[in-house]
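I opened the file today and went through it pocket by pocket, then residue by residue. My notes follow.

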Amino acid sequence: MKKLVLLILSATFLLLFSGCSDSNNEKKEENKILKVGMELAYPPFEMSDKDGNPTGVSVDFAKMIARSMNKELKIENIAWDGLIPSLKTGKVDMIISSMTITKERKKSINFSIPYAKTALAILANKQSGVKSIDDLDQMGKTVAVKKGSTGHIYAQKHLKNANVLVFDKENACVLEVVQGKADGFLYDQLTIYRNNIKHKDTTVALLKPFQKDFEYWGVALRKDDTKLKSQVDEFIKKAKDDGTFDDFAYKYLEDAKKTFDKLNISFFF
């Protein structure tokens, strides 16, 4: 009887030990993976190649961060509105998706030091007569903005006279301007530049900033991930010093940089 009891206890112990070991192994494997959330809908920063693989400035940036931590990178393609909830619930470890650092966002999440800067610009319909933000903020004028973007926030705060149309997708905003249904679209300078190149016949790009301050992009992190923030901050500092961000600019943004330099407008990096 005693032998039977000992055998049962031994078997139970082995099962428990095995279960703990499996659980520990799973955690170790998970710790080797860096999960980064981004919306692959903003070329040349976040996009997919012809085979559906993630590519762009932010993808290269994420790969280098993961490599610096000796981790395998896993990119989660998430709709813009779902990025911050995914971070807060632990689905991803960080967000690298051209996200502007704002006071509102900092209430619930943290950010790295800035790695890029930009400003709002205007994609105007050629027939609108719009040459400035003041021209756009008039009775009878219509402005298209992407929901949740800094352009949307700016319009809510500052455009008191214009009719503001809110869309879920950037392409929908651009189409409104191209078709003449909206007089202008507020978004970051690079997006405005890129869409003007695509629609030269119907649009004008007003790239010079109309805000006093620049907007800064950061890597979004959970509030309690102080160690991860420190690692990311150190990587960004090093990447700025060693020319990594300059390499990104020449690889993905050479034509845009030439245009910005010609207009004497400060560039992203």
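Before the pockets, the terms: on a 1 Å grid over the protein atoms alone, a pocket is an open set of points with protein on both sides within 12 Å along at least five of seven lines, whereas a cavity is a set where a 1.4 Å probe fits but cannot get out; lining residues have an atom within 4 Å of a point. Grid points are joined across faces, edges and corners, and a volume is the space filled by probe spheres set on the points.

I'm working with a predicted model, where local features need pLDDT of at least 70, side-chain atom pairs count only at pLDDT 80 or more, and totals for chains, interfaces and linings use all residues. Numbering runs from 1 along each chain as its sequence is written, and side-chain values use heavy atoms, with hydrogens and water left out.

I looked up the second largest pocket and got a volume of about 400 Å³. It has 26 lining residues, and Glu-39, Tyr-42, Lys-146, Glu-170 and Tyr-187 are the closest to its centre.

Then I turned to the largest pocket, at about 820 Å³. Of its 25 lining residues, Ile-101, Thr-102, Lys-103, Ile-153 and Lys-157 sit closest to the centre. Helix 5 (150-158) gives the largest share of that lining, 5 residues (helices are DSSP runs of H or I, at least four residues, and strands of E, at least two, numbered from the N terminus). Domain 1 (31-116 + 215-261) and domain 2 (119-204) each put at least three residues into it; the bounds come from an automatic or database domain assignment.

**Single residues**

Pro-43 and Pro-44 are joined by a cis peptide bond, omega about 0°, and I placed Pro-44 in the loop between strand 1 (33-38) and strand 2 (47-48).

Asn-70 isn't a glycine, yet its phi is positive, about 55°. I found Asn-70 between helix 2 (57-68) and strand 4 (72-77), in the loop.

Beyond its neighbours within four places in sequence, Asp-233 is in contact (heavy atoms within 4.5 Å) with Ser-112 and Ile-113.
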